[in-house]
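Here is a short report on a two-chain model. Please have the sequence and the structure side by side as you read.

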Amino acid sequence: MNPYLAVAALLLMVSLMFMLPLIPALVELRRKSDALPLSVVQQNAGEIRHFANSFRDCIKGLAPTLQRCVAGGTTVTGTLADGEEYVVLGRADEPLLHALGQRDAVHPLVITAGVDLTIPAGVTLSKEIYAGGQFIGGEKNNYRAILGEKNIHLGASTHVTRWVHAVGEFTSDPGCRLNGRISSDALIRLRTDCSFLRLNAPRIEIGSAAPIENATAPNSLLPTSGSSAPSKRVFHDGDFEVQAGEIIRGDIVVRGNLRVRSGARICGSVKSTKDLLLDDGASVGGSLISARKMRIGPNCAVHGPVVAERELAIAAGTRCGTLEHPTTVSSPRIEVAEGVVVFGTLWAREQGQVVASQ
Amino acid sequence: MIYALFIIVFIICIYTGRHYWFTLNRLFGFQRHPYIDIDTADWPPVTVLVAAHNEEKVIANILDALMTVKYPEDQMLVIPVNDRSTDRTREIIDKFVQDFPGRIQPFHRIGGKGGKAAALKDAMELVNTEVILIFDADYIPGAGLIKQLVAPFFDLEVGGVMGRVVPLNAGTNLLTRLLDLERSGGYQVDQQARMNLRLVPQHGGTVAGARLSALREIGGWNENSLTEDTDLTYRLLLNGWKTVYQNRSECYEEVPEVWPVRIKQIMRWAKGHNQAMMTYGLRLLLGKNHATLRERIDGTLLLGVYAMAPLTLVGWALALGVFYQGAAPLHGVIALLSLTAYAALGNLAAFFEIAAAARLDGTRKRISLLPFLILGFAVSIISVSRAAFSQVSDLVTGAEFHWDKTERFRKVL
């Protein structure tokens, strides 16, 4: 073989092999099939009511139909613009409720009701529900999403897969599984054995009787977390304890485990880089943050946001935030006892569980 | 010669391992987003500084966006820091001040030292809130971004916050598409892995926040720094403050659309980074400070990233020298195996990181452009090396650095 030809062939082959991975690159560069900027949420601020608001907008067009149905006591069925079938109830429609009453039946309908709605036990409603009046659900039901203009009550062992928003109060009986977003403009009350992920309301009560009036007095002497003037930050390297009844005026950063003994008050924020334990009746005027596990209570008061990076357990009688100053309680796993009140958001990224008060 | 080559190879291997560690952590490790769920709180007063120097093309976009964010209006003040602009920037800002009374307080700077750090330093006289957020003028914050960037400051250890930067003009040309991939790898994997592993996420100086008391404690903005963000990261770290990264706090930016602008940008970054390395490297690694051991190690490695380019060039030269010298660096088989192992894994480390980022971002086709990153790599290694060598020559000749503003490409409104 001609040596020049061999060299040329070698160079050509090497060049082709080098070019091979560039072929899909050149095709993509020319076609621009994935050239849009990455999607960044610009308008939605992660608002918990986002889906409820979107659903309300979606069924806005049904408002005249709903009014006619309520006035005439009739029922109308149809199809929404997105192809979903719907039924509009002007009254507690007996045939429909009878059909719903068939246990384990799945009903793929968007239900829009202008009146109080009582759902029998053991049914699965795989589409969104709008209730213009009270919503009362039976036991062991499965819902995708509910928007209620008044109160919503879910029966025992109900399962919600996406979201619920109540303009009035939201209450659930024991054993409910509340996945997704649960919000109320007034109050959320969960009973024992309920599991949850994200809750938001001006007031979230865990259990039947939250002994709020008997809990530790509000931190009237404590500055709020929103104060613009920073307080002095004190470092402690290694484990640290705040003694029972001690009052600390300032912020504490502990690079280790922290224990705040009974009745101690910290007039500032607290950070622990390991575990954090608040004993009976302790209170914190600012935020409370642990890089690992946190245990609060019983009967504690925390004014600012509560964040535990691993786990959080809150015992009975504890209050987080106030009605005037709502806050966020957040951790991947949260165990919250009956008798706890949170004003604002209670957010368990992986698992939230209501447990009986000990 | 051979021992110098061994040292360089060893350092390169450390950085290779670091790339893999970060990528695997991001794919399979525990992901830390501790503050992102804080959506209800007593939101503190905040000042938003918008650094602007001849920004008539973009300033209206960011002011528009800031006026519609979901943060209590009475708790947020926007200060556009108009740094000696000679275009219509002042006029546009003043129009917004009229349209939104009480919500925007302009700071028109007409003299003084050039550069963002110097401008921010002067603007601090107007700031009296504990939380400060900083944006460059070409950014477009979303509705929830301010709350997300403020939330970490409820943690007392946090002195600085950094959000994620996403190119808005990603699809313009090959350069913007490559920068889009690079940004993805840098933020989605590199920064978040450092956050996960409690290392040193870097303050980026935009889509970012700082705590006023921390800033005062460390002596404010360093106007002599070429990259005030890197400088801030290290001074905070040395003084016991953490910088945290919020991967879900995303904000659109505009990336350079032509190579000369990109080259100038990366050269400035390289010089600033190297400047920080010389200033803080030894103090961080060996000095008495508040950083943990892992922060010291990672922080030092982070300071060295821009030194790797000239080091690699020197390594290549040394390798050629060793080859023509006829010296066998290791026993033949070991050398061959090492070379093969490095060719299979080492060279792919940075690409692996970017590919993982694209997967995490849920994109598909854009990863086809990965081979073109060789081009970006070639330009970077030469530009960064040029920057390093010119920095050394500037040191000898005493020449001062000339600040180059990054050119904007958006159309004037």
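In which helix of chain B does B:F351 lie? B:F351 lies in α13(B), residues 349–360. This is a predicted model, in which local features need pLDDT of at least 70, side-chain atom pairs count only at pLDDT 80 or more, and totals for chains, interfaces and linings use all residues. Residues are numbered from 1 along each chain as its sequence is written, and chains are lettered from A and ligands numbered from 1 in the order in which they are written.

**B:F351 and its surroundings**

B:F351 counts as partly exposed because it has 18 C-beta neighbours inside 10 Å. A residue is buried with 20 or more other C-beta atoms within 10 Å of its own, exposed with 12 or fewer, and partly exposed in between; C-beta atoms are placed from the backbone. Beyond its neighbours within four places in sequence, B:F351 is in contact with B:L370 and B:L373. Contact means that C-beta atoms, placed from the backbone, lie within 7 Å. B:F153 is 198 residues away from B:F351 along the chain, and their C-alpha atoms are separated by 34 Å.

Helices (H or I, at least four residues) and strands (E, at least two) are DSSP runs, numbered from the N terminus. Axes are lines fitted to C-alpha atoms, for helices over the stretch in contact, and angles run from 0 to 180 degrees between N-to-C directions.

| Helix pair | Axis separation | Angle |
|---|---|---|
| α1(B) and α13(B) | 8 Å | about 15° |
| α1(B) and α6(B) | within 9 Å | roughly 80° |
| α9(B) and α14(B) | within 8 Å | roughly 50° |

Angles under 35 degrees count as roughly parallel, over 145 as roughly antiparallel, 65 to 115 as roughly perpendicular and the rest as oblique. α1(B) and α13(B) are therefore roughly parallel. Their crossing is left-handed. That term applies if the near helix is turned anticlockwise from the far one by less than a right angle; clockwise is right-handed. The contact involves B:T16, B:H19, B:Y20, B:F22, B:T23, B:R26 and B:L27 of α1(B), with B:A349, B:A350, B:F352, B:E353, B:A356 and B:L360 on the α13(B) side. By class, this contact of α1(B) with α13(B) has eight nonpolar, three polar and two charged residues. Ala, Val, Leu, Ile, Met, Phe, Trp, Tyr, Cys and Pro count as nonpolar, Asp, Glu, Lys and Arg as charged, and the others, Gly among them, as polar.

α1(B) and α6(B) are roughly perpendicular. B:F22, B:T23, B:N25 and B:R26 of α1(B) meet B:V189, B:D190, B:Q192, B:A193 and B:N196 of α6(B). Three nonpolar, four polar and two charged residues form this contact.

α9(B) and α14(B) are oblique to each other. Their crossing is right-handed. Nine nonpolar, four polar and two charged residues make up the contact.

**Chain A and the interface**

Chain A has five helices and 31 strands. Of its 358 residues, 42% are buried. A domain assignment, automatic or from a database, gives domain 1 (55–205) and domain 2 (212–353) of chain A. 11 residues of domain 1 are in contact with 14 residues of domain 2.

How many residues does each chain bring to the contact? Chain A brings 47 residues and chain B brings 43. α2(A) gives the most to the chain A side, with five residues. That side divides into 20 nonpolar, 19 polar and eight charged residues.

Definitions and conventions:
Contact = placed C-beta atoms within 7 Å.
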